[in-house]
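Have the sequence and the model open side by side for what follows.

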Amino acid sequence: MAAGAPRIFVSHLAGVPVFDPHGDQVGRVRDLVAMLRVGRRPPRLLGMVVEVLSRRRIFLPMTRVTGVESGQVITTGVLNMRRFEQRPTERLVLGELLDRRVRIVDTGEEVAVLDVSIQQLPARRDWEIDKVFVRKGKPGALRRKGETLTVEWSAVTGFSLEENGQGAESLLATFEQLRPADLANVLHHLSPKRRAEVAAALDDDRLADVLEELPDDDQVEILGKLKEERAADVLEAMDPDDAADLLSELPEEDKERLLALMRPDDAADVRRLLSYEERTAGGLMTTEPIVLRPDATVADALARVRQQDLSPALAAQVYVCRPPDETPTGKYLGTVHFQRLLRDPPFTLVSSIVDSDLPPLAPDTPLPEVTSYLAAYNMVAAPVVDEGGSLLGAVTVDDVLDHLLPEDWRETDFEESAHEESARDESAREESAHG
């Protein structure tokens, strides 16, 4: 849904059909799933509960919703058919928030929630519940009696985590603004029981981001405490190279069972990565670089680079290949760096500005050679190409550093280290001042 689109009241979404990109109906909306936040911040809308044609209820993330309009919901067509299970931090909007008694903050007057509205945030994929439609009057009064009004979410009280005492849920909301690496550091220092509670309450994408930043033993511990279906979902949400690294730490039987539960396409990428030695270009690479066909334009390339889910290293360049344009691709033609994209007109074909002089890496290139390659050519990512000339993936500098740093580097408290460094600087200044 485009930024600035009109506000949608959730009661209008109950029962509306859900379609794939080809116009085929896949189900109907039965509820919406939101996550409350501390204070009076508007809840984040996570997704929809969709009843598919088999009458199974599944979860549809808002990231896979491309349109909500004219009494219908349009999706990307990618659906996870596992049965929906509500998590501790999740609230069903129709089932739990509507008809609830809350209070107006300014007056303390008790009101009934008749509806809430959702809206997509500008320039982002996130959705929030922003307005509450309420009716004044005593409980039990006829619904048509009493003044109705629409207020901001922050203008009412009675939904908040503190008031409802949600335990780990409140702790999780406190961590919401932390970067994945910082949240991983917090999780590492929690008790195993508390760590499992918070991990279970995180949504799949957030937990995947955090797992990628945790030490290996923490990753294995957390994954082992999840239901197998949930563990497979989280592995699918991880970068394939990180998922492969995690699965390589598991016993063979557990690894194969989780791979069998993953979507075939995701499992195929991970299996391919597991076939390479760990400290080689093939073992280090991600299978999801930006791949463009020769007839793509600079404008196409910049649109792909702008995707907010990309790491800076992957967004630094695009790889031009003949079809198919998913790894392993057709013939690899070369690389176009981000700076070059900024210098050429939007209508320029990427095939006309491709850098084909830089030799790609072979999948069996050992880690020391990969490191030397990135340093010699001042690169933050490098293509990995097989003997037949097909692009297999890209090695990024962050994955190389991950294997060069000491094993316990993830256990460093960066914020604390920064404070210690600042204190040492201050002490040195004082000594200098007192000569």
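Is Lys 136 buried, partly exposed or exposed? Lys 136 is partly exposed, at a relative accessible area of 24%. In these terms, buried means under 20% relative accessible area, exposed means over 50%, and partly exposed lies in between, with a 1.4 Å probe and protein chains only.

The model is predicted, so local features need pLDDT of at least 70 and side-chain atom pairs count only at pLDDT 80 or more, while totals for chains, interfaces and linings use all residues. Residues are numbered from 1 along each chain as its sequence is written, and side-chain values use heavy atoms, with hydrogens and water left out.

The protein chain holds 17 helices and 18 strands. Helices (H or I, at least four residues) and strands (E, at least two) are DSSP runs, numbered from the N terminus. Of the 435 residues in the protein chain, 45% are buried. Among contacts in the protein chain with a separation of 6 or more, 57% are between residues 24 or more positions apart; a contact means heavy atoms within 4.5 Å.

Charged pairs come next. Side chains of opposite charge can pair when their charged atoms come close. A salt bridge is here a side-chain nitrogen of Lys or Arg within 4 Å of a carboxyl oxygen of Asp or Glu, and by this rule there are 26 salt bridges.

Lys 136 takes part in one of them, with Glu 147, where the closest N and O atoms are 3.6 Å apart. Because Lys 136 lies in strand S11 and Glu 147 in the loop between S11 and S12, the pair ties together parts that are eleven residues apart in sequence. Glu 147 is partly exposed, with a relative accessible area of 47%.

Another salt bridge joins the side chains of Lys 131 and Glu 152, at 2.3 Å from N to O. Lys 131 sits in strand S11 (residues 127-136) and Glu 152 in strand S12 (residues 148-152), so that this pair links distant parts of the chain, 21 residues apart. Lys 131 counts as buried at 17% relative accessibility, whereas Glu 152 is partly exposed at 39%.

Glu 236 belongs to helix H8 (residues 228-237) and Arg 263 to the loop between helix H10 (252-261) and helix H11 (264-274), so the pair ties together parts 27 residues apart in sequence. Glu 236 is buried at 11% relative accessibility; Arg 263, at 25%, is partly exposed. Salt bridges that share partners also join Glu 228, Glu 253, Asp 254 and Arg 257 into one network.

Helix packing is the next topic. Two packed helices are described by the angle between their axes and the distance between the axes. Axes are lines fitted to C-alpha atoms, for helices over the stretch in contact, and angles run from 0 to 180 degrees between N-to-C directions.

The axes of helix H6 (residues 204-211) and H8 come within 8 Å and cross at roughly 70°. H6 and H8 are therefore roughly perpendicular to each other; angles under 35 degrees count as roughly parallel, over 145 as roughly antiparallel, 65 to 115 as roughly perpendicular and the rest as oblique. Their crossing is right-handed, where the near helix is turned clockwise from the far one by less than a right angle, anticlockwise being left-handed. On the H6 side the contact is made by Asp 204, Asp 205, Leu 207, Ala 208 and Leu 211, and on the H8 side by Arg 230, Asp 233, Val 234 and Ala 237.

Leu 226 lies in the loop between helix H7 (216-224) and H8, and is buried at 13% relative accessibility. Leaving out residues up to four places away in sequence, Leu 226 touches Leu 207, Ala 231 and Val 234. Leu 367, Val 370, Thr 371 and Leu 374 of H15 meet Val 397, Val 400, His 403 and Leu 404 of H16.

Asp 399 is also in helix H16 and is buried, at 10% relative accessibility. Not counting residues up to four places away in sequence, Asp 399 touches Asp 241, Asp 242 and Leu 284.
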